[in-house]
Amino acid sequence: MERGISLERAISFVQSEKKNLSLESIHLDNAYGRILAKSLESKVDDPRFHNSAMDGWAVREEDCLENKKTILKIVGVSEAGSNKNFQIGAKEACKIMTGAPIPLGADAIVMIEDSEIDNNNVIISGPARKTYIRRKGENISKGEEILSRGHFMDASSISLAATMGYEYIEVFCKPVVGVISTGNELVMPGKELNESQIYESNSFGIAALVKSVGGESIRYETVSDSLDKLRDTLNQASEDCDLILTSGGVSMGDFDFVRKLMELEGEIYFWKIKMRPGGPPLFGKWNKTPILGLPGNPVSSHLVFSMLICPWFTASFETNENSKPTLGRKVRVKMLNEVKGAPEKLCLRRIKITNSPDGLVATTHTHQGSGNIHSMVKHNGFTLLPPDTDGKIGDMIDAFWLN
Ligand code: AMP
Ligand code: MG
C-alpha cells in the first residue's frame, strides 16, 4: 500500500482498474448522453442530391448575368420529396422549394423575393447564385467515418447519426457503481432525528454524480459502523457492481471501519492523497471489484469524485478528460478574493466563477469547511491551487469550472 500520494499517482491507480465495458445496441430515442462504442460511417451522402438552399427559381446563371430585369419561361415547380425530374433550357426557370432537387440544366438559384410572376414567365430582378445550391456530398460522403468510438452523443450528434441513416447505435453499457454510506449517526431524510443524529446526504449526491458522468448507480442501505454489516454490504455490492464507492470511515477515528475492514480483509492500493479537502480516500479491491473509500465530509466526497472517479469513467469509456461526460473543465481565473492554499497539498477552495469583460473571475461566498455542502451549491467551481501557494487578489490561477 502507498500512503499520502500525489493526485496524479492516485489517478493512475484508479485508471488501472478501469472497466472493460460491454456494448449494447440502443435506439436513437435513448441515445442522449451515451458513449459511442462503434464508429459510424455514413450510409448516405449528405446532401443526398444537389438541392436548393432557398425557396426561389432554378435558373442558368448565364441567363441572368445582366444587371437588369430578365424574363424567363416557367417550366414547372420542383418540390421537396417529389420524384418529378425537371429540365430547363436557355431562358427558362423552374420554381423550386428549399430542399428540392435541382432540375437538369440549372446551375444557380434566384431567391423568390427577387422575382415576380407574369403569366407563364418570371421576371428576375436579383442575383442568381450558384452558392444557393447545396451540392451532393458536400457535408458528408457515403462511407466516410463521421462519429468515432468514444464520442459523447449530444443532441447534434443524435441528429447527425439519424442524418447518416442510423436508427440504432452501439454504445458502451453504463458502468454500475454501488454507493454505500457508513456511519452510526446517519438517518434517512424524512425520518425523525434524535439529538446526536444527522441526515444522510452523501449517497444521494454521489449517486447523482455517477449518473451525470454516464453511470448507473445502486444506492445501498446505510451501514452502521460495524465490521460485519459492512462486510455483508461490500460482498453484495461486489457482486452487483463494476465499482464500489463508500462514504465515511476512512480516516484515523476509532470507528473508521471501512479502512479497518479493508486492512484486514481487502486489498489496499493507496490511502490518503495530497489534496485538501479530500485527503483521506482509500482505493483498492474487495473481491476483485475496485473500491474507493470516499471521506464522509460531504464536500470532500464530492471533490474526490470530481478528481478521482471521473478519470475512472473516462478511462472506461475510452474518452479523455476534455470530452464529455465530464463534470466541468479546467480554466484560468482571476481571483477577486484571497484564498488560502495548503502546505504540501493541492488545495480546492470553492469559488464562484463568472464571466467579466476581463475574462473569467472568481469570488468566494461561504464558509469553506469540508462539512459545508452549501458551499458546493453557492459556488460553481473550485481552485486547483498548487501545494504551498495562496491565491491573492488579482492572481491568475488554475481552477475547475463545474458546468
Ligand atoms: P467520517 O469520514 O466517517 O469520519 O465522517 C466525517 C464527517 O462526515 C462526519 O462529520 C460525519 O458525520 C459526516 N458524514 C459521514 N458520512 C456522511 C453522509 N453519508 N452524509 C452526511 N454526512 C456524513
Ligand atoms: Mg463515520
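## A helix and its salt bridge

Glu263 counts as partly exposed, with a relative accessibility of 44%, whereas Arg259 is buried at a relative accessible area of 10%. Here buried stands for under 20% relative accessible area, exposed for over 50%, and partly exposed for what lies in between, using a 1.4 Å probe and protein chains only. The structure is a predicted model, in which local features need pLDDT of at least 70, side-chain atom pairs count only at pLDDT 80 or more, and totals for chains, interfaces and linings use all residues. Residues are numbered from 1 along each chain as its sequence is written, chains are lettered from A and ligands numbered from 1 in the order in which they are written, and side-chain values use heavy atoms, leaving out hydrogens and water.

Glu263 and Arg259 sit four residues apart in helix α5 (residues 257-265), about one turn of the helix, and their side chains meet in a salt bridge with an N to O distance of 3.5 Å. A salt bridge is counted when a side-chain nitrogen of Lys or Arg lies within 4 Å of a carboxyl oxygen of Asp or Glu. Helices (H or I, at least four residues) and strands (E, at least two) are DSSP runs, numbered from the N terminus.

## Salt bridges across the sequence

The whole structure contains 16 salt bridges. One of them joins the side chains of Asp242 and Lys19 at 3.3 Å, N to O, and this pair links distant parts of the chain, with Asp242 in the loop between α4 (227-240) and β19 (243-247) and Lys19 in the loop between α1 and β2 (23-27), 223 residues apart. Asp242 is buried, at a relative accessible area of 16%, while Lys19 is partly exposed, at 31%.

The side chains of Lys130 and Glu61 also meet in a salt bridge, at 3.5 Å from N to O. Lys130 lies in the loop between β11 (128-129) and β12 (133-134) and Glu61 in the loop between β5 (56-59) and β6 (70-78), so the pair ties together parts that are 69 residues apart in sequence. Both partners are partly exposed, Lys130 with 41% relative accessibility and Glu61 with a relative accessible area of 25%.

## Aromatic pairs

A pair of aromatic rings is described by the distance of the centres and the angle of the planes. Rings of Phe, Tyr and Trp (its six-membered ring) pair if their centres lie within 6.5 Å, and planes under 30 degrees apart count as stacked, over 60 as edge-to-face and the rest as tilted. The structure holds 11 such pairs. One of them is the tilted pair of Phe13 and Phe270, with 5.7 Å from centre to centre and 45° between the planes; this pair links distant parts of the chain, as Phe13 belongs to helix α1 (residues 7-16) and Phe270 to strand β20 (residues 267-273), 257 residues apart. Phe13 and Phe270 are both buried.

The rings of Tyr269 and Phe283 have their centres 5.6 Å apart and their planes at 80°, so the pair is edge-to-face. Tyr269 is in strand β20 and Phe283 is in strand β22 (residues 282-286), 14 residues apart, and both of these residues are buried. Elsewhere, Phe172, Phe305, Trp312, Phe313 and Phe317 form one aromatic cluster.

## Ligand 1

Ligand 1 is surrounded by 15 residues, and the closest are Glu185, Glu200, Ser201, Gly249 and Gly296; a residue is included if one of its heavy atoms lies within 4 Å of the molecule. A backbone N or O atom of Gly249 lies 2.9 Å from an oxygen atom of ligand 1, and a backbone N or O atom of Gly296 lies 3.0 Å from an oxygen atom of ligand 1. Taken alone, ligand 1 exposes 480 Å², of which the protein buries 76%, with accessible areas taken from the Shrake-Rupley method and a 1.4 Å probe, and for residues only the protein chains shown counting as cover.

## Backbone details

Most residues other than glycine have a negative phi, and most peptide bonds are trans. Lys272, in strand β20, is not a glycine but has a positive phi of about 75°. The peptide bond from Asp46 to Pro47 is cis, with omega near -5°, and Pro47 lies in the loop between β3 (40-41) and β4 (51-52). A cis peptide bond also joins Arg276 and Pro277, with omega about -5°.

Key: Polar contact = N/O pair within 3.5 Å; in protein donor to acceptor, adjacent residues only side chain to side chain.
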